[in-house]
Amino acid sequence: MDSLTELAAVGGENLPAKYIHPDGINGGKDPFLLPFIDIPVIDVGHFTNPSTDTGKELDFISFCRMIAVKMGHPLFQIINHGVESLLLDKVRTVFKQFLALPTEQKLECWTEGFQGYGSDPLVTDVMVHDWSHRLRLITCPEEMRQMKYWPENPKNFKEVLHEYSTKLQVLHDVMLKAMAKSLKLDESVFLRMIGEPVIMSARFNFYPPCPRPDQVLGLKPHSDGTVITFLLQDKEVEGLQVLKDGQWFRVPVIPDALVLNAGEHLEIMSNGEFKSPIHRAVVNSERKRISLAAPSIPHDGNEIEPVEGLVSEERPRLFRKMKYNGRTHLRYYQSGRRVVDDARI
């Protein structure tokens, strides 16, 4: 186990070569001086808290139209999403408390596999390592949870994550249905293709301070091999950046908002209407940062392809049919490739 905090303290600027991007980050310029991107903010509360059934249907229609108008943007920030501010703070707090535990207690959750605490397993030889540790746990459906990897401490960790993931599961279905309706499709078409019940996970990310933020990344540039991903950002420390029109932009922090981005499988299913954005996580030399990504994925073996209503003579099919395999997607990430590029016709 590499302790990144210890590496930074002991090695100073002489970090192991496996973490170094030889060409540097951002062409030698400070990535924290990049401009902020203008991300649409969508108020989900108009739909999730309707006063009447009629109002609910009207709100849903307007909600779908809003998404359709803003579809060209790489990311959304959603507010009034039904997850209370207090719960968001609890989620951040329990992870920080876990990180503060003695090393031997954290090692109880250590793994070289896909769930648990540590770093992602290496499935390819060609990669620069990320300056981050993660705690990754399957949260939905409950029967897929591997509780041996869920921390025993802090004592309320399991309760807090269960409550949070239950609310996100509801929000996930609301968003996927709205995205389908925004394309004039049956609202459940995406849900049927990825398989039910929905599979979701929680990936807690920890980015320690790094003495060489000009040459090291917390997460390398990638697009998510998911359906959609909800991201809870650190309340105080930014680090998420997104690529748009060939330029990197910083993503602003709205403390109680969730960042929503389309994964590569939604891009395929929507025949390119929803684009999966390329993004990265930068690090800084002074402050540690956390985040929590909650992605949904198709069931292993499910075939993903553009839905029938989005393919026509005027709008030709852009992607071939692909069978989902989670391990394959990690290989794509570590080798710097994208599923949508290989799936493109």
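Colleague: Where does Asn-80 lie?
Modeller: This is a predicted model. In it, Asn-80 lies in the loop between strand 2 (76-79) and helix 4 (85-99).

Colleague: What is the phi of Asn-80?
Modeller: Phi is near 50° there, a positive value in a residue other than glycine. Most residues other than glycine have a negative phi.

Colleague: And is Asn-80 buried, exposed or partly exposed?
Modeller: Asn-80 has a relative accessible area of 46%. Buried means under 20% and exposed means over 50%, so Asn-80 counts as partly exposed.

Colleague: What about Lys-184, is its phi positive or negative?
Modeller: Positive, at about 65°, although Lys-184 is not a glycine. Lys-184 is found in the loop between helix 6 and helix 7. At 79% relative accessibility, Lys-184 counts as exposed.

Colleague: Now peptide bonds. Is the one joining Asn-153 and Pro-154 cis or trans?
Modeller: Cis, with omega at about 0°. Pro-154 sits in the loop between strand 4 and helix 6 (157-182).

Colleague: And the bond from Glu-196 to Pro-197, cis or trans?
Modeller: Also cis; omega is near 5°. Pro-197 has its place in the loop between helix 7 (189-194) and strand 5. For background, most peptide bonds are trans.

Colleague: On to the sheets. In what order do the strands of the 8-stranded sheet come?
Modeller: The order is 1-2-10-7-12-5-4-3. The sheet is open and its pairing is mixed.

Colleague: Which strands stand at the edges?
Modeller: Strand 1 (41-43) and strand 3 do. Each has a single partner strand, so one side of each is left without a neighbour in the sheet.

Colleague: How many degrees are neighbouring strands turned against each other?
Modeller: On average 25° in this sheet, direction ignored.

Colleague: What does strand 4 pair with on the strand 3 side, and in which sense?
Modeller: Strand 3 (residues 116-118) pairs with strand 4 in the antiparallel sense, over 3 bridges. Tyr-117 stands opposite Leu-135 in strand 4. Gly-118 stands opposite Arg-134, again in strand 4.

Colleague: How many bridges join strand 4 to strand 5?
Modeller: There are 7 bridges between strand 4 and strand 5 (residues 199-207), and the two run antiparallel. Leu-137 stands opposite Ala-202 in strand 5.

Colleague: Which strands does helix 6 lie across?
Modeller: Helix 6 lies across strand 2, strand 4, strand 5, strand 7 (228-233), strand 10 (258-262) and strand 12 (289-297). The helix runs at about 135° to strand 7.

Colleague: What about strand 11, are its faces covered or open?
Modeller: Both faces of strand 11 (residues 279-282) are covered. His-279 and Ala-281 are on one side, Arg-280 and Val-282 are on the other, and all are buried. In a regular strand the side chains alternate between the two faces of the sheet.

Colleague: Which residues pair up with strand 11?
Modeller: On one side, strand 6 and strand 11 pair in the antiparallel sense over 3 bridges, and Leu-219 has Ala-281 as its bridge partner. Strand 8 (residues 240-244) is also joined to strand 11 by 3 bridges, running antiparallel. There, Gln-241 has Arg-280 as its bridge partner, and Val-242 stands opposite His-279.

Colleague: Last one. Where is Gln-215 found?
Modeller: Gln-215 is in the loop between strand 5 and strand 6 (217-222).

Colleague: Why does Gln-215 count as buried?
Modeller: Because its relative accessibility is 19%, and the cut-off for buried is under 20%.

Colleague: What is Gln-215 in contact with?
Modeller: Leaving aside its neighbours within four places in sequence, Gln-215 is in contact with Tyr-19, Ile-20, His-21, Pro-22, Gly-24 and Ile-25.

Notes: Residues numbered from 1 in each chain as written. Predicted model: local features only at pLDDT ≥ 70, side-chain atom pairs only at ≥ 80, totals over all residues. Heavy atoms only, no water. Pairing = 2+ DSSP bridges. Helix = DSSP H or I, 4+ residues; strand = E, 2+ residues; numbered from the N terminus. Buried < 20%, exposed > 50% of the residue type's maximum accessible area, 1.4 Å probe, protein only. Contact = heavy atoms within 4.5 Å. Axes fitted to C-alpha atoms, helices over the stretch in contact; angles between N-to-C directions.
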